[in-house]
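Hello,

Here is the structure I promised to pass on to you. Please have a look at it first, and then read my notes below.

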Amino acid sequence: MHGWDNDGALVREQRERGRVILTASAPCENNKMASIITSVATSCATNLACCVGKQTLSCCFSMCGARNSSASRIGYAVMFVVTSLLAYAATSDWFEQKIDEWSWGYLKLKCPQGSCYGTLSVYRICLANSILHAILAAVLYNVSSSRDWRAGIQNGYWALKATLWAGLIVLCFFIPNSLVVGWAMSFAAVGAVLFILVQIVLLIDFAYTISEVLLEWWESTEDRKFLVVLIGLTFTSFLTSLIVTGFMYAWFAPSQCHLNQFFITFNLILCVLASLLSVAPAVQEVTPKSGLAQGSMVALYATYLVATSLSSEPDEILDGGVKCNPLVTNEGTRTTSIMLGAFFTFISLAFTTTRAAVQSNVMGASNGGGGGYGEASQPLISSQPSGRNMHLNQAVEAGAIAPSSLHEGEDEMDDESDGVSYSYTFFHIIFMLASYYLAELITNWETLTLDDGTGEAQVGKGWGAVWVKIVSSWVVILLYCWTLIAPIVLPDRDW
């Protein structure tokens, strides 16, 4: 009996041990499952970090075969588009109401026309973006290759740059109104004028580039579709210019508005003369690829500048109740002006991100200033091997080292190990000036006068913006004419 009890106790003990083992193994299985889930989560987090960390654009654009230099420029262009959308959204009534609620009266400003929150918010957002690019332009000065640790700031750390961008925007909303208005009426206005001048050069270069590329494709492939595209582009540009000119005469040039009549007529004369000059025999002999295609694009842009300048005129009533700017209070006109201005701005910046900042000698910028190349006459993109690669090539030819040594330790996505593809400083200066121009564009070049005594602000239109755009339209045509006659006047120079 006792033995049986011992045996029974032994059996019960074994059963209890089995239960303990089973119950103990369950947490082990759970731990294994948790470990697997944690590993998967860690892997996903690591891959996600790839898209927000130092190798952001390499990760995101490698599938498209984009190199670091190209991916970085696209990334900055996307950031500018986001800034533009945010600044434009700041003019909405909803945004103004939210700023009024969130600022607890700190940004309170009285305007006879209503709230000034929208205008000031645009200034603050654009100020923040300009500060970001000013910082990057200074930090990246004279970077010569990706071997410089500062090149990582240009091509990586996108999460940090996005955080800095957002932080600067928040910080700018704590700047007193008087300082923001002072910046807008001084630095932003001057910077916007400088960007217009840069934009003129870029668009002229763009006109030459697109026409030459289409001609080369047509000549190399003998495919007439490229010629049809070029002819269609030329015809459409001229036709649009004439249509816009007709509308300007109808809307802005009644009999009493002599100044507007002069602006429209003088622009038309300049466009005709520039087009005739582009096909002159002497010009064709020296620059056979110049012609009506470039002239049509220049005429279209100049006509656009004149049209936007006339729509920016102050609300003045002449004798008989005649208004030289009947669209001054039309909200649709303002929206159209902003959209067209944004279109040309994005063309300029897109061209900057693909070619203009890469070849800063187009702007006459010294490579030594931001690219680290030394002589200004040297292009920023060079097909010649660097000193290091030249010695390695010679060693391979002599049989001293294996050919595979040329690519040893190189990052496939890094195309700037032997020299940057474009001037980082010049690149960010262009975007800084574009931020100034964006502030003026979205606010329609409004003048904002702040009275510190009463706390009131007067928003209006001034003749300064009108003359800036009118003179810019003359400059774009005269500069284009100079590109036509310069090879004749200075034949010894390389054009």
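Val 190 counts as exposed because its relative accessibility is 52%; exposed means over 50% relative accessible area, buried under 20% and partly exposed in between, with a 1.4 Å probe and protein chains only. Before I go on, please note that this is a predicted model, in which local features need pLDDT of at least 70 and side-chain atom pairs count only at pLDDT 80 or more, while totals for chains, interfaces and linings use all residues. Residues are numbered from 1 along each chain as its sequence is written, and side-chain values use heavy atoms, leaving out hydrogens and water.

Val 190 is found in helix H8; helices here are DSSP runs (H or I, at least four residues), numbered from the N terminus. Together with Leu 194, Leu 197, Leu 259, Phe 262, Trp 467, Val 471 and Val 475, Val 190 forms a nonpolar patch on the surface, with about 630 Å² of accessible area in total. Such a patch is made of residues with over 30% relative accessible area and no salt bridge, nonpolar side chains being joined within 5 Å. A salt bridge would be a side-chain nitrogen of Lys or Arg within 4 Å of a carboxyl oxygen of Asp or Glu, and the areas come from the Shrake-Rupley method with a 1.4 Å probe. Which helices supply the patch? At least two residues each come from H8 (177-221), H10 (258-278) and H17 (463-489).

Next comes helix H9. At 1.5 Å a residue, its 29 residues (224-252) should span 42 Å, and the end C-alpha atoms are 41 Å apart, which agrees; the expected span is 1.5 Å times one less than the number of residues. Among the buried residues of H9 are Phe 226, Leu 230, Thr 234, Ser 237, Ser 241 and Phe 252. Their cover includes H8, H10 and helix H12 (292-311), where contact means heavy atoms within 4.5 Å.

Finally, the cysteines. The structure holds one disulfide, a pair of cysteine sulfur atoms within 2.5 Å. The disulfide joins Cys 257 to Cys 324, with 2.0 Å from S to S. Cys 257 sits in the loop between H9 and H10, and Cys 324 in the loop between H12 and helix H13 (331-356), so the pair links distant parts of the chain, 67 residues apart. The torsion about the S-S bond is about -100 degrees, so the disulfide is left-handed. Both Cys 257 and Cys 324 are buried.

Cys 271 is in no disulfide, and the nearest cysteine sulfur, that of Cys 481, is 9.4 Å away. Cys 271 counts as buried because its relative accessibility is 10%.

Best wishes

Definitions and conventions. Patch = residues over 30% accessible without salt bridge, like charges linked within 9 Å, V, L, I, M, F, W, Y side chains within 5 Å.
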